[in-house]
Amino acid sequence: MNWAFLQGLLSGVNKYSTAVSRIWLSVVFIFRVLVFVVAAEDVWDDEQKDFVCNTKQPGCPNVCYDEFFPVSHVRLWALQLILVTCPSLLVVMHVAYREDRERKHRLKHGPNARSLYDNPTKKRGGLWWTYLLSLIFKAAVDSTFLYIFHRLYRDYDMPRVVACSAAPCPHTVDCYISRPTEKKVFTYFMVTTAAICILLNLCEVFYLVGKRCMELLGPRRRRSRRRQGCLPDTCPPYVLSQGGHPEDGNSVLMKAGSAPMDAGGYP
């Protein structure tokens, strides 16, 4: 595996991510990808070779192994990690598309032309939707694979002995899984890290949506307050001074409840 490429990819994605997304990336690449590459493949490399059944019937161990392991844990995890990391690359590609479009616009209209984007890396417009949909897609992928593991492997369990009666087995036979406790520990670890990643993605979705709503509602509230000015129940009405009439030029307007003021001086 090319670790320099992995490091560059992580740095490129981090550049356009929020703080929560950086935590998600750290969990994925340290606690999922590295554990998968370094340890998980070695734990499951003997899963079929050391899957032993108490019968000499040809083909019975293979059929029983396929019944209990319809899809290998390692291959499912590899597919899960590929699908879960692809949306982050889409965000990087979208930013690169914006920057390339801005560059072509400058070449066509000159360096002093008005920019298409205030900041090509800022999550606004289409980039905001790309980022939000990538989070939803990542959470959906992890949730789907957790459900698949739950259905295929009976609550993520790894028993020591499984009973098999599929043909061509002559009768119900017992088959033994190699290193079941070690495999169970790694299965629980991968399931737990996937659940943490789902939680982080959902937290970031709520953060982005909430922040966007506050940005949209804040200016509207300020404009509404400026239009309304003082409400009738908060601003005291103006009345004529005692003894004055609207036709009298010496009458003076004053706020109700305030001291009377004549036309020529202070109260």
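This is a predicted model: local features need pLDDT of at least 70, side-chain atom pairs count only at pLDDT 80 or more; totals for chains, interfaces and linings use all residues.
Residues are numbered from 1 along each chain as its sequence is written, and side-chain values use heavy atoms, with hydrogens and water left out.

**Stop one: helix H2.** Select residues 19-43, and you have the 25 residues of H2. (Helices, H or I with at least four residues, and strands, E with at least two, are DSSP runs numbered from the N terminus.) From first C-alpha to last, H2 reaches 33 Å, close to the 36 Å expected; that expected span is 1.5 Å times one less than the number of residues.

Now pick Phe-36: a kink of about 55 degrees in H2 is centred there. The bend is the angle between axes fitted to the seven residues ending at a residue and the seven starting there. Phe-36 is also buried, as are other H2 residues including Trp-24, Phe-29 and Arg-32. Buried means under 20% relative accessible area, exposed over 50%, and partly exposed in between (1.4 Å probe, protein chains only).

**Stop two: the loop between H5 (126-152) and E2.** Arg-154 sits in this loop, with phi near 50 degrees, a positive value in a non-glycine residue. Arg-154 counts as exposed because its relative accessibility is 57%. Next, select Tyr-156 in the loop between H5 and E2; its phi is near 65 degrees, again positive without being glycine. At 17% relative accessibility, Tyr-156 counts as buried.

**Stop three: Pro-168.** Look in the loop between strands E2 (161-164) and E3 (173-176). A cis peptide bond joins Ala-167 to Pro-168, with omega about 10 degrees.
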